Amino acid sequence: MSGTTTLAPVPGAAMEREIREQPAAWRRLLAQAGVVDETVERIRRFDPAFVLFIARGTSDHAALYGKYLAEVTCGLPAGSWSPSTTTVYGAVPRLNRCLVIAVSQSGGSPDLVQSLEAARQAGALTLAITNVSASPLAQAAELAFDLRAGEELAVAATKSYTAELLALAMLFDGLSASPRGGFAELPEYGDALLDAASVEQVIERAAQRFTGDRFVLTGRGYASATALEGALKLMETCYVSAAGFSGADLVHGPLAMVDASVASIVIAPPGRGGAAIEPVVERLRATGSSLLLIGPQVAGPDELIVPLPTGLPEQLMPLLEILPLQRLAMTIALRRGIDPDRPRGLLKVTRTT
């Protein structure tokens, strides 16, 4: 018998590998601190009065995190640009003294490129944060930052997402009048969380317990982005209905849909955001929903908990919070016979206009 045998891909192998690669990707990004310093200096000279983010999907959740960073650490009002205002409706913005940051893993979606070009023509200073240095988005921007996360093969973004978070954290820490730092220790914390057998056991128990198709995820402050990204990971890899909310928004109506058939995941890291979500946890407990807590050191009876370290600034915690949620999505998908590397109907690069 001649010829070679092609082995079928192992389901979830790419996502598993890319989840574990994240601390190494962070180290590569941190080694580019000099590039960040140059970008920070250019932005300081421009002296922006506000910040607009352009992004889609996972990158839009990173942009929400960036919005909190801009407002909390730098006192810069920030918002989200809707690309369709330009690409569909042809609106011409007025963007003098505006810093426009486009966040995209591939940098290839036409609507993001067109919006960034329009922003530049309208007087904004433009920055592209992307994992493809030669992408059309990077070429359209005045400033560009290469995430250097390495090629991502799984459709569900993992390492490129946390690289986006880290790039934004480095940028706004540099722009802040009172930098918090904490970056050097971050990869070690990530390695420890990914290697912890106790965390893996909690994830397995959660995957066994969460057999339904309805999930609610919630957090406050910086953790709001984690809630949205965790929900997306569950939707795209497990084919469930998952919704992410700020804890403040959850209690303004959506809480009514939560009952004992819903799995609730609360991101409550050390810091002000974790303290602010505590009243929401109590209201979720009252619904009878099964709870998984990411962050607290103490859980109630029959509740699952992934403790987070207390030695990092609060604004860096989203890089750690998402790690167990990525693993949870992958584990649930595999238990249900789904290959999380290749979700049905999805492509790695999504091109919208």
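Arg-97 is partly exposed, with 42% relative accessible area (buried means under 20%, exposed over 50% and partly exposed in between, with a 1.4 Å probe and protein chains only). The model is a predicted one, in which local features need pLDDT of at least 70 and side-chain atom pairs count only at pLDDT 80 or more, while totals for chains, interfaces and linings use all residues. Residues are numbered from 1 along each chain as its sequence is written, and side-chain values use heavy atoms, with hydrogens and water left out.

Arg-97 sits in the loop between α5 (84-87) and β3 (98-104); helices (H or I, at least four residues) and strands (E, at least two) are DSSP runs, numbered from the N terminus. Its backbone deserves a look, as phi of Arg-97 is near 65 degrees, a positive value in a residue other than glycine. Most residues other than glycine have a negative phi. Tyr-239, also not a glycine, has a positive phi of about 60 degrees. This tyrosine lies in the loop between α11 (223-238) and β7 (241-246) and, at 28% relative accessibility, counts as partly exposed. Over the face of Tyr-239 lies Arg-344, at 3.9 Å from the ring centre (a charge sits over a ring if NZ of Lys or CZ of Arg is within 6 Å of the ring centre and within 35 degrees of the ring normal).

Helix α8 is largely enclosed by the rest of the structure, because 16 of its 17 residues are buried. Its end C-alpha atoms are 24 Å apart, which agrees with the 24 Å that its 17 residues should span at 1.5 Å a residue (the expected span is 1.5 Å times one less than the number of residues). Lys-159, a residue of α8, counts as buried at 4% relative accessibility. The side chain of Lys-159 makes a polar contact with the side chain of Glu-21 (2.6 Å), and one of its polar atoms lies 3.1 Å from the backbone oxygen of Ala-149. A polar contact is a pair of N or O atoms within 3.5 Å; within protein, one must be able to donate a hydrogen and the other to accept it, and residues adjacent in sequence count only if both atoms are side-chain atoms.

There are 4 aromatic pairs, for which rings of Phe, Tyr and Trp (its six-membered ring) must have centres within 6.5 Å; planes under 30 degrees apart count as stacked, over 60 as edge-to-face and the rest as tilted. The rings of Phe-53 and Phe-172 have centres 6.4 Å apart and planes at 55 degrees, so this pair is tilted. Phe-53 in strand β1 (residues 50-54) and Phe-172 in helix α8 are 119 residues apart, and the pair thus links distant parts of the chain. Both Phe-53 and Phe-172 are buried. Ring pairs also join Tyr-65, Tyr-68 and Tyr-222 into a cluster.

Thr-218, in strand β6 (residues 214-219), is buried with a relative accessible area of 0%. Its side chain reaches the backbone nitrogen of Gly-247 at 3.2 Å.
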